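Please walk me through this structure.

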Amino acid sequence: MSKKIVEVKNVSMQFKLEQNKVKSLKGFFVAALQKQIKYEEFRALEDISFSVKKGEVIGIIGRNGAGKSTLLKIISGIMKPTKGEVLVRGNIVPMLELGSGFDYELTGRENIFLNGAILGYSKEYLKGKYNEIVGFSELEKFINTPIRNYSSGMMMRLAFSIATVVNPEILIVDEILSVGDASFQEKSRARMLELMSGGTTVFFVSHDITQIETMCNRVVWLQDGRIKMVGNTAAVCEAYSNGI
């Protein structure tokens with residue numbers, strides 16, 4: 001039996017939303033000093049629990065605002081839940097905001113080593129993977145150009161190539177297969193399938209139910225910050241499609 005690689009235990013996430021219609025920073029500070037700032041509590045997630053075995057591909061679905069991205073950020077360690085805990089047994093590569101660790105003044109080449117280091121990989125390891133990363137990104141002609149001159153599509157291709165060439169144990173993916181043009185999208189989809197077949201555990205958010213049905217073993221359906229349903233891909237996707 002495969003071991004549990006991720007356990008989400010009674011996770012809740014609460015935010016305080018500022019309700020005052022303050023139009024300037026000065027106005028905010030004045031209101032704060034006078035203790036006139038009013039907040040409304042917003043629960044993004046409420047008592048979420050499920051576990052994932054090594055090698056599973058878990059789809060996370062739900063309407064905008066259901067809590068999908070918040071859940072991924074908590075699993076990846078970017079955010080700490082208000083209540084509950086997440087146990088992770090393996091290294092995580094979160095592909096949530098591609099290129100968020102890039103330095104725009106550095107070249108593509110320099111950012112490969114910077115971003116790779118942020119993901120926890122040594123310089124020697126990245127040197128060995130360098131040609132593979134550049135080749136996959138199809139950015140050979142621009143790799144020594146500062147990335148401030150890259151288009152958003154070029155930047156996402158480079159970030160995707162760095163994130164997926166390192167064979168993570170756990171991959172967290174938020175709508176990633178829309179990277180680049182149709183040809184690169186197909187290549188990135190094939191790379192994702194390769195990782196999945198190689199034993200990588202994947203959390204995959206997509207609004208494309210066909211992608212979820214094709215790529216996932218199980219699905220978690222979030223609605224208003226709660227788990228509406230979790231289980232077999234076909235059953236959950238059918239219930240979700242009927243529900244919307």
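E46 forms a salt bridge with R43, with the closest N and O atoms 3.2 Å apart. A salt bridge here is a side-chain nitrogen of Lys or Arg within 4 Å of a carboxyl oxygen of Asp or Glu. By this rule the count comes to nine salt bridges. R43 counts as partly exposed, at 39% relative accessibility.

A word on the source. This is a predicted model, in which local features need pLDDT of at least 70 and side-chain atom pairs count only at pLDDT 80 or more, while totals for chains, interfaces and linings use all residues. Residues are numbered from 1 along each chain as its sequence is written, and side-chain values use heavy atoms, with hydrogens and water left out.

Back to the charges. Side chains of opposite charge can pair when their charged atoms come close. E105 and R148 meet in a salt bridge of 2.9 Å, N to O. E105 lies in the loop between β5 (92–95) and α3 (108–118), and R148 in the loop between α4 (123–137) and α5, so the pair ties together parts that are 43 residues apart in sequence. Helices (H or I, at least four residues) and strands (E, at least two) are DSSP runs, numbered from the N terminus. E105 counts as exposed, at 53% relative accessibility. R148 counts as partly exposed, at 47%.

Which residue pairs with E138 in a salt bridge? The partner is K187, and the closest N and O atoms are 2.8 Å apart. This pair links distant parts of the chain: E138 is in the loop between α4 and α5, K187 is in helix α6 (residues 182–197), and they are 49 residues apart. E138 is partly exposed at 36% relative accessibility. K187 is partly exposed at 25%. R157 joins in as well: E138, R157 and K187 are linked in a network of salt bridges.

S161 is found in helix α5 (residues 152–165). Is S161 buried or exposed? S161 counts as buried because its relative accessibility is 1%. Leaving aside neighbours within four places in sequence, S161 is in contact (heavy atoms within 4.5 Å) with I133, F136, S137 and F184.

Now take α4. Its buried residues are L126, K129, Y130, I133, V134, F136 and S137. They pack against α3, α5 and α6. α4 has a kink of about 50°, centred on K129. That bend is the angle between axes fitted to the seven residues ending at a residue and the seven starting there. Just after α4, E138 takes a positive phi of about 65°.

Next, the interior. In soluble globular proteins, nonpolar side chains tend to be buried together. A nonpolar core is a set of buried Ala, Val, Leu, Ile, Met, Phe, Trp, Tyr and Cys residues joined through side-chain atoms within 4.5 Å. The largest nonpolar core has 43 residues; those with the most contacts inside it are I61, M95, I112, L158, L171, M192 and V202. The largest share of this core, eight residues, comes from α5. Apart from it lies another core, of 26 residues, among them V11, I60, A66 and L96. V202 is in contact with E56, V57, I58, L171, V173, M192 and M196, leaving aside neighbours within four places in sequence.

Finally, the strands. Two strands pair if DSSP finds at least two bridges between them. Strands β3 (residues 57–61) and β8 (residues 218–223) run parallel, joined by four bridges. The bridge partner of G59 in β8 is V219. β8 and strand β9 (residues 226–232) run antiparallel, joined by six bridges. Q223 stands opposite R226 in β9. β8 and β9 form a hairpin with two residues between them, and D224 in the turn has a positive phi of about 55°.

Conventions: Buried means under 20% relative accessible area, exposed over 50%, partly exposed in between (1.4 Å probe, protein chains only).
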